[in-house]
Amino acid sequence: QLQASGGGLVQTGGSLRLSCAASGRTFSSYVMGWFRQAPGKEREFVTLIRWSDKYTYYGDDSVKGRFTISRDNARNAVYLQMNSLKPEDTAVYYCAAGSRVTTEVRRYDYWGQGTEVTVSS
């Protein structure tokens with residue numbers, strides 16, 4: 001089970017840290033991903049981290065250098081630090097777990113409930 005939290009309303013240029021708490025099973029052999037879905041748009045890949053070796057991948061150039069994914073073994077959690085937020089980052093953010101390194105939504109087996117991020121201009 002995955003529980004995402006940390007969303008909220010922030011002004012342009014602000015920061016938020018999203019958390020994804022894992023429970024009920026060990027995700028140490030999984031790949032953890034963050035996705036987002038803006039109103040009227042499809043869910044899109046943001047970034048991922050492979051739990052075992054902390055390999056990371058960022059999908060869109062627009063988030064590179066602004067977003068950072070990390071994981072905490074002790075807390076069994078994954079984080080998404082988002083800096084220099086822009087209005088176009090407004091979306092519901094989801095964490096997910098899958099067995100392979102992929103950006104495809106359908107390849108992820110477990111999903112959190114989503115946390116809403118709104119960036120005001």
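1. Strands β4 and β5 run antiparallel and are joined by six bridges. Here strands are DSSP runs of E with at least two residues, numbered from the N terminus, and two strands pair if DSSP finds at least two bridges between them.

2. The model is predicted: local features need pLDDT of at least 70, side-chain atom pairs count only at pLDDT 80 or more, and totals for chains, interfaces and linings use all residues. Residues are numbered from 1 along each chain as its sequence is written, and side-chain values use heavy atoms, with hydrogens and water left out.

3. Strand β5 also pairs with β6; three bridges join them, and the strands run antiparallel. Ile49 has Thr56 as its bridge partner in β6. The hairpin of β5 and β6 has five residues between the strands, and Lys54 takes a positive phi near 65° there. Strand β5 is mostly covered, since five of its seven residues are buried. The term buried means under 20% relative accessible area, exposed means over 50%, and partly exposed lies in between, with a 1.4 Å probe and protein chains only.

4. Four strands form an open sheet in the order β1-β3-β8-β7, with antiparallel pairing. Its edge strands are β1 (2–5) and β7 (67–72), each of which pairs on one side only. On average, neighbouring strands of this sheet are turned by 15° against each other, direction ignored; such angles run from 0 to 180 degrees between N-to-C directions, and the axes are lines fitted to C-alpha atoms, for helices over the stretch in contact. Within the sheet, β3 (residues 16–22) and β8 (residues 77–82) pair in the antiparallel sense over six bridges. Leu16 has Met82 as its bridge partner in β8.

5. Which residues of the largest nonpolar core touch the most other members? They are Met32, Trp34, Met82 and Tyr93, in a core of 28 residues. The elements that give two or more residues to this core are β1, β3, β4 (31–37), β5 (44–50), β7, β8, β9 (91–98) and β11 (115–120). Apart from it lies another core, of six residues, including Val31, Phe35, Leu48 and Ala96. A nonpolar core is a set of buried Ala, Val, Leu, Ile, Met, Phe, Trp, Tyr and Cys residues joined through side-chain atoms within 4.5 Å. In soluble globular proteins, nonpolar side chains tend to be buried together.

6. The structure holds eight salt bridges, a salt bridge being a side-chain nitrogen of Lys or Arg within 4 Å of a carboxyl oxygen of Asp or Glu. One of them joins the side chains of Arg50 and Asp53 at 2.8 Å, N to O. Arg50 is partly exposed, with a relative accessible area of 29%, and Asp53 is partly exposed at 43%. Asp61 and Lys64 form another, with their closest N and O atoms 3.1 Å apart. Asp61 counts as exposed at 60% relative accessibility, whereas Lys64 is partly exposed at 42%.

7. Salt bridges that share partners join Arg36, Glu44, Arg66 and Asp89 into one network. Within it, the side chains of Arg36 and Glu44 meet at 2.7 Å, N to O. Is Arg36 buried or exposed? Arg36 is buried, with a relative accessible area of 7%, while Glu44 counts as partly exposed at 37%. Arg66 is placed in the loop between β6 and β7 and is buried at 9% relative accessible area. The C-alpha atoms of Arg66 and Ile49 are separated by 16 Å, the two residues being 17 apart along the chain.

8. Tyr57 lies in strand β6 (residues 56–58) and is partly exposed, with a relative accessible area of 36%.
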